[in-house]
Amino acid sequence: MANDASTVYDLVILGGGSGGYAAALRGAQLGLDVALIEKNKLGGTCLHNGCIPTKALLHAGEIADQARESEQFGVKATFEGIDIAAVHKYKDDVISGLYKGLQGLVASRKVTYIEGEGRLSSPTSVDVNGQRIQGRHVVLATGSVPRSLPGLTIDGNRIISSDHALTLDRVPKSAIVLGGGVIGVEFASAWKSFGTDVTIVEGLPHLVPVEDENSSKLLERAFRKRGIKFNLGTFFQSAEYTADGVKVTLADGKTFEAEVLLVAIGRGPVSQNLGYEEQGVAMDRGYVLVDEYMRTNVPTISAVGDLVPTLQLAHVGFAEGILVAERLAGLKVVPIDYDGVPRVTYCHPEVASVGVTEAKAKELYGADKVVSLKYNLAGNGKSKILKTAGEIKLVQVRDGAVVGVHMVGDRMGEQVGEAQLIYNWEALPAEVAQLIHAHPTQNEAMGEAHLALAGKPLHSHD
Amino acid sequence: MANDASTVYDLVILGGGSGGYAAALRGAQLGLDVALIEKNKLGGTCLHNGCIPTKALLHAGEIADQARESEQFGVKATFEGIDIAAVHKYKDDVISGLYKGLQGLVASRKVTYIEGEGRLSSPTSVDVNGQRIQGRHVVLATGSVPRSLPGLTIDGNRIISSDHALTLDRVPKSAIVLGGGVIGVEFASAWKSFGTDVTIVEGLPHLVPVEDENSSKLLERAFRKRGIKFNLGTFFQSAEYTADGVKVTLADGKTFEAEVLLVAIGRGPVSQNLGYEEQGVAMDRGYVLVDEYMRTNVPTISAVGDLVPTLQLAHVGFAEGILVAERLAGLKVVPIDYDGVPRVTYCHPEVASVGVTEAKAKELYGADKVVSLKYNLAGNGKSKILKTAGEIKLVQVRDGAVVGVHMVGDRMGEQVGEAQLIYNWEALPAEVAQLIHAHPTQNEAMGEAHLALAGKPLHSHD
Amino acid sequence: VPEQPAAGRPLAKPPVRKLAKELGIDLATVVPTGPNGVVTREDIRAAAAPPARLP
Ligand SMILES: Cc1cc2nc3c(=O)[nH]c(=O)nc-3n(C[C@H](O)[C@H](O)[C@H](O)COP(=O)(O)OP(=O)(O)OC[C@H]3O[C@@H](n4cnc5c(N)ncnc54)[C@H](O)[C@@H]3O)c2cc1C
Ligand SMILES: Cc1cc2nc3c(=O)[nH]c(=O)nc-3n(C[C@H](O)[C@H](O)[C@H](O)COP(=O)(O)OP(=O)(O)OC[C@H]3O[C@@H](n4cnc5c(N)ncnc54)[C@H](O)[C@@H]3O)c2cc1C
């Protein structure tokens, strides 16, 4: 709490994003003396350029779609277009409300917050604003930034990253989205709702390629219905400017033209020129390497969040930050089971999962030991009311626990909480089936899927 | 499966609503020979006059509200009104889709479906269409119908029940809703969204009076903001017609006038003149009495659903029907823990709960043994994005399991699935807190509430 | 005598099984004291604690 040059903090944290601030909050809660160093804004990518603003855009898109389709529900309303300045105001209001809350929280926990660009100066210190901040332990949490490809220069106007897409002052008439992962399909979805003509280019054979193939296929079907175009299985080759936009050429010579090109091929760690190498921190392709307790090879240095090669998710950052703080405060900690971390893609329809894919389960347990079951939301009353389509797919070890839950459908991301308990607590289908779920909710579909997997389907065929 | 007069079924079920058809489907699945007798439509109240149509109206209301408020999200749309005929078409399409599905299911399971009004004619038979249907066991599942008060005659036009409200060919300019329970607040909510000037009259001190008082208060605050009026704590005395509507007088002399009066004071069992008394079935105020295995005092007769004095919910009917079928098929069954049944009220905002209220917990465990915690959705990113307010309240036995989860907020009904596992599996707050929830979902609020209850709040103050 | 569950799996609610796993306790070796022969969290903790000396 003291902040003169002679203070030695228990914990000096470099980077105030999801991973860094979670470590700070939990550390302070446990009585540690914490310094949190952030060069930009507390909250990092997630709050300012990631999770929150994208979800605000997607919700504005949902409002737009519902206004367009209102007559299907008996509501007379005319959709007249998007007021992008007002969308940004809505989005920025959401961010600033949460930002204030987070600042209040950090202040109330008595974390020493230092604004400035820091640099690791020894295994136990960070230099910032010409001062040396000493700590018994240092946590690296400098996060990630958008990546590009060799020869593909992000100009921020026609060739853009998610950072630019989030503040674009217009709805593009047409857009090419390079990358069909989470960030790519979320922007594709929001833009389509806003009226953009969207084409996704994905080099792998599927959209959201790390999901269970069934989810990818369902999303592709839904996007096709929405008129979102995509080209799968061929990699990007080059991009060039046209008179009023961009032309993209793929490895097979196919070309696409649009007003803007969003590069959403992934994010790379922020670790260059920060003193990490100099202090002997082991790295691989820019990622800081850690063990399952988030320890680097340097005993006084830990690292969390997008900077380390685990899932790039805000709540993974939270979990890793909390784990480090608890470990350093002397609590017993349990390594994170990354398969047990819930994943949600907030496009329309949503994709959500926890546990392993069917393919992965077969690798782990043997093909003959794995069973799977699909429950179609067509049989789910609430989903019918919402006019959404999709499925819940369960992957089970024969006669054993549910090891994968994979869902597609509007709002299905909210079901991942129950799925998360089922996976992490290794529940048997019959144990879930025994508990009759609330009618008529989308949650009921989770119950029905488990009833069916337990051999006693209620609202579905045997 | 055979259907001549000499057949003796394993199971003869009177009433094809949620309770009856669940017993039929599960019984047939377990190899029992089942006859299902229904005088009106398979699916009963829930599908045709209850759960499903109300939720369709509520969703149309949501679409209307969002069109009205679209500019807050940057979407330019003009709300022009409700096309009530189109609302009914939407609602009826939802019903008929599910109805077809259910008919297909009953047919595929080889249940003998008999259309006609049945009457219990012996402990092992039901008479219908002049035929005697014999069974080794009979299940009574004749459900419930709207109740009224002495001197309050439902005319179906100005003084109506939920049955009429669901098919009303106009949006009333003004409405008085008598009863602030689940059905009352759902209609009040939908009508308000459609533009009706609504006043709820509830004799008890709170809306949704069986919920935890905190939920009632939050709903009252939200309704006040929406301009839904309510008068609490004074009972209804009389109603009379005015020139163009109805005038209601309360016990304290206060009066209210409106175009229609919806009587939503509860539902009573359908058990008169059906032969139940004659066959010696023990009853109380029209309800058929059962033990925890749904057995009546007559060894060959069971009863399920709204006909018995347990929670009047469709999924309770499902659970009771399944329990009877499994018991009669010789499976080991476990009595239903009714506190563990999830309850959702689908108004805007939604109210949902599982487990016991704080007041009840204090009775059960002693006031000093009960702790509770409220997590405000103001700190939840996704709820901010949806512009909804509310709370999750957890009730815990000190140092023990979570015994009550009480929620208010748009879409929070979908969180009841995770809450249901936590309650029924007697999870400790720390066990839930250990599993970091997906960001940014509403589900995350469930995780945050448990983090706080476990003494390690992340995004909330200590 | 507690009833033997189907499939030979010891009866305990999922979070309790998880706890047992974390503490390295084999559920089959735990004496259940819960209703219907269910292994409780306390049973697991008792099994995990060092054996108490006999009085
Ligand atoms: C468009 C988009 C959408 C996303 N949506 C989701 C989603 O819905 N759900 C989800 O879970 N995840 C989502 N993510 C991912 C999520 O944002 C990240 O996983 C998360 O922000 C990682 O947290 P972090 O703390 O590791 O890094 P960051 O949030 O990147 O924070 C790192 C911080 O360190 C600071 N910093 C860097 N270098 C220095 C320095 N030298 N000195 C001082 N400070 C420094 C940065 O300014 C930054 O604030 C999304 C990401 C993007 C880009
Ligand atoms: C407006 C409203 C909204 C509701 N919303 C919800 C909700 O969101 N969620 C929820 O869980 N519950 C809800 N309910 C309650 C739910 O509908 C009931 O709990 C459920 O329908 C009870 O099922 P049941 O089988 O006992 O009775 P019913 O569904 O009433 O079925 C009884 C059946 O028996 C038939 N029958 C009666 N007498 C005879 C006879 N003599 N011969 C042949 N057939 C006969 C009837 O025609 C009927 O089909 C709602 C109810 C209403 C009225």
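## Close-up views of a predicted model

**View 1. Who makes up the shell around ligand 1?** The shell has 40 residues, and the closest to the ligand are Glu38(A), Thr45(A), Lys55(A), Asp306(A) and Ala314(A). As for its place among the chains, ligand 1 sits between chains A and B.

View 2. Start at Ser18(A), where a polar backbone atom is 3.0 Å from an oxygen atom of the ligand. Move on to Gly118(A): here a backbone N or O atom lies 2.9 Å from a nitrogen atom of ligand 1. How much of ligand 1 does the protein bury? On its own the ligand exposes 990 Å², and the protein buries 96% of that area.

**View 3**

**View 4. An open sheet in chain B.** Here you can follow three strands in the order E13-E14-E15, paired in an antiparallel way. Why does one side of E13 and of E15 lack a neighbour in the sheet? Strand E13 (236-241) and strand E15 (255-258) of chain B are at the edges and have a single partner strand each, so one side of each stays without a neighbour. From one strand to the next, the twist averages 20 degrees.

**View 5. Zooming in on one strand pair of that sheet.** Strand E14 (residues 246-250) of chain B runs antiparallel to E15(B), and four bridges join the two. To find one of these links, pick out Thr249(B): its bridge partner in E15(B) is Thr255(B).

**View 6. An annotated stretch of chain A.** According to an unreviewed UniProt entry, residues 341-449 of chain A carry the annotation "domain: Pyridine nucleotide-disulphide oxidoreductase dimerisation". How far apart are the end C-alpha atoms of residues 341-449? They lie 21 Å apart, and the span is 32% helix and 28% strand.

Notes: Residues numbered from 1 in each chain as written. Chains lettered and ligands numbered in written order. Predicted model: local features only at pLDDT ≥ 70, side-chain atom pairs only at ≥ 80, totals over all residues. Heavy atoms only, no water. UniProt positions renumbered as here; feature names shortened; annotations may be inferred. Near = heavy atom within 4 Å. Polar contact = N/O pair within 3.5 Å; in protein donor to acceptor, adjacent residues only side chain to side chain. Areas by Shrake-Rupley, 256 points an atom, 1.4 Å probe, with all protein chains shown as cover. Pairing = 2+ DSSP bridges. Axes fitted to C-alpha atoms, helices over the stretch in contact; angles between N-to-C directions.
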